[in-house]
Amino acid sequence: MATLTISPEEEKRVKALGFLSNKGTDNFSGRIITKNGKITAEQQICIGEAAKLFGNGVVTYTTRLTVEVQGIPFEKIEDFRAYLAKSGLQTGGTGSKVRPVVSCKGTTCQYGLIDTFALSEEIHDRFYEGYRTVKLPHKFKIAVGGCPNNCVKPDLNDIGIIGQMIPDYDEDSCNGCKKCSVENVCPVKAAKVVDGVLEIDEEKCNNCGRCVGTCRFDAIEDGTRGYKIYIGGRWGKSIAQGRALSKVFTDKEDALNAIEKAILLYREQGKTGERFAQTIDRIGFENVEKQLLSDELFERKQEILDAKLHETGGATC
């Protein structure tokens with residue numbers, strides 16, 4: 001364990017600013033916030049310079065797509081933050097609140113169905129920045145995946161968003177080909193020609209969009225883009241796989257509103273030290289889903305934000 005020469009109060013203060021004690025030393029790692037892991041070349045240079053000027057010259061990258069500069073002495077923390085600010089960078093990303101958003105590269109990936117960078121930046125601005133002063137029962141993590149490949153494991157976050165492409169299937173255009181191109185391309189075997197007509201099993205279909213545009217007779221010319229939202233995922237000592245809401249959101253604002261309602265529900269009905277997954281288990285998934293698909297939480301939003309948190313709860317993890 002580190003032997004710190006600063007008071008516990010000072011250590012707590014700088015931790016809230018994103019500075020974590022380096023084991024066995026009196027130094028800290030400064031955690032730099034990115035919007036879904038994306039920074040400019042100029043910001044990258046600034047981070048490197050700051051690491052040499054104020055740290056030990058080592059830069060690391062976290063699983064949450066933030067950047068950490070190691071070996072920063074306590075007395076250099078404020079100078080380090082000021083140096084980063086010149087390039088529009090800030091430290092943080094700790095505490096019982098909404099954490100920085102994680103996103104895949106679905107905007108440039110061949111499988112990406114939605115603009116993951118734009119969506120995650122909007123989530124960052126609205127909930128990481130907008131809810132920065134809102135204390136929650138525990139940390140709250142959000143991840144955005146561009147397609148059902150789930151590269152950033154959205155269903156292992158408190159909230160996970162997965163891009164969708166719901167195939168617009170015109171059965172009248174189907175010729176029932178013996179070698180169906182749609183059936184052949186479907187990775188989850190949800191499409192199958194039965195009695196001369198293509199059938200798509202909606203229970204199996206994960207809306208990956210691979211089938212769109214593959215039919216030679218234009219049975220699936222296009223699809224409807226949307227967002228599947230998972231709630232209650234968690235990764236760590238205790239693992240929970242998130243469950244998807246029954247509704248696939250085809251309107252971005254509706255999807256963003258569902259995220260905000262989840263945060264409000266967690267603040268109002270979660271208990272201190274309890275992760276969102278535990279809150280959902282305690283009060284019931286069906287109950288939570290019903291609240292997230294209605295507007296009742298919005299109707300008492302200010303009341304929820306002004307209220308004190310429940311002070312007893314589950315184990316921290």
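**Exercise 1. Find how helices α6 and α8 are oriented to each other in this predicted model.**

Step 1. Start with the axes: those of helix α6 (residues 252-269) and helix α8 (residues 285-292) come within 9 Å and cross at roughly 125°.

Step 2. Now classify the angle. Because roughly perpendicular covers 65 to 115 degrees and roughly antiparallel means over 145, α6 and α8 are oblique to each other.

Step 3. Look at who takes part. On α6 the contact is made by A258, K261, A262, L265 and Q269, and on α8 by V288, Q291 and L292.

Step 4. Sort these residues by class: the contact of α6 with α8 has 5 nonpolar, 2 polar and 1 charged residues.

**Exercise 2. Decide whether E68 is buried or exposed, and describe its surroundings.**

Step 1. Check its accessibility. Buried means under 20%, so E68, at 12% relative accessibility, counts as buried.

Step 2. List the neighbours. Not counting residues up to four places away in sequence, E68 touches L20, S29, G30, R31, V58, V59, T60 and T62.

Step 3. The side chains of E68 and R31 are joined by a polar contact of 2.9 Å. L20 is 48 residues from E68 along the chain, and their C-alpha atoms are separated by 9.5 Å.

**Exercise 3. Which polar contacts does the side chain of T91 make?**

Step 1. Find T91 in the loop between α3 and β5 (102-103). T91 counts as buried because its relative accessibility is 9%.

Step 2. Follow the side chain of T91 to the backbone oxygen of L17, reached at 2.7 Å.

Step 3. Then turn to R81, whose side chain is joined to that of T91 by a polar contact of 3.3 Å.

Step 4. Complete the picture: leaving aside neighbours within four places in sequence, the residues in contact with T91 are L17, F19, R31, I32, I33, F80, R81 and L84.

Key
Residues numbered from 1 in each chain as written. Predicted model: local features only at pLDDT ≥ 70, side-chain atom pairs only at ≥ 80, totals over all residues. Heavy atoms only, no water. Buried < 20%, exposed > 50% of the residue type's maximum accessible area, 1.4 Å probe, protein only. Contact = heavy atoms within 4.5 Å. Polar contact = N/O pair within 3.5 Å; in protein donor to acceptor, adjacent residues only side chain to side chain. Helix = DSSP H or I, 4+ residues; strand = E, 2+ residues; numbered from the N terminus. Axes fitted to C-alpha atoms, helices over the stretch in contact; angles between N-to-C directions. Parallel < 35°, antiparallel > 145°, perpendicular 65-115°, else oblique. Nonpolar A, V, L, I, M, F, W, Y, C, P; charged D, E, K, R; others polar.
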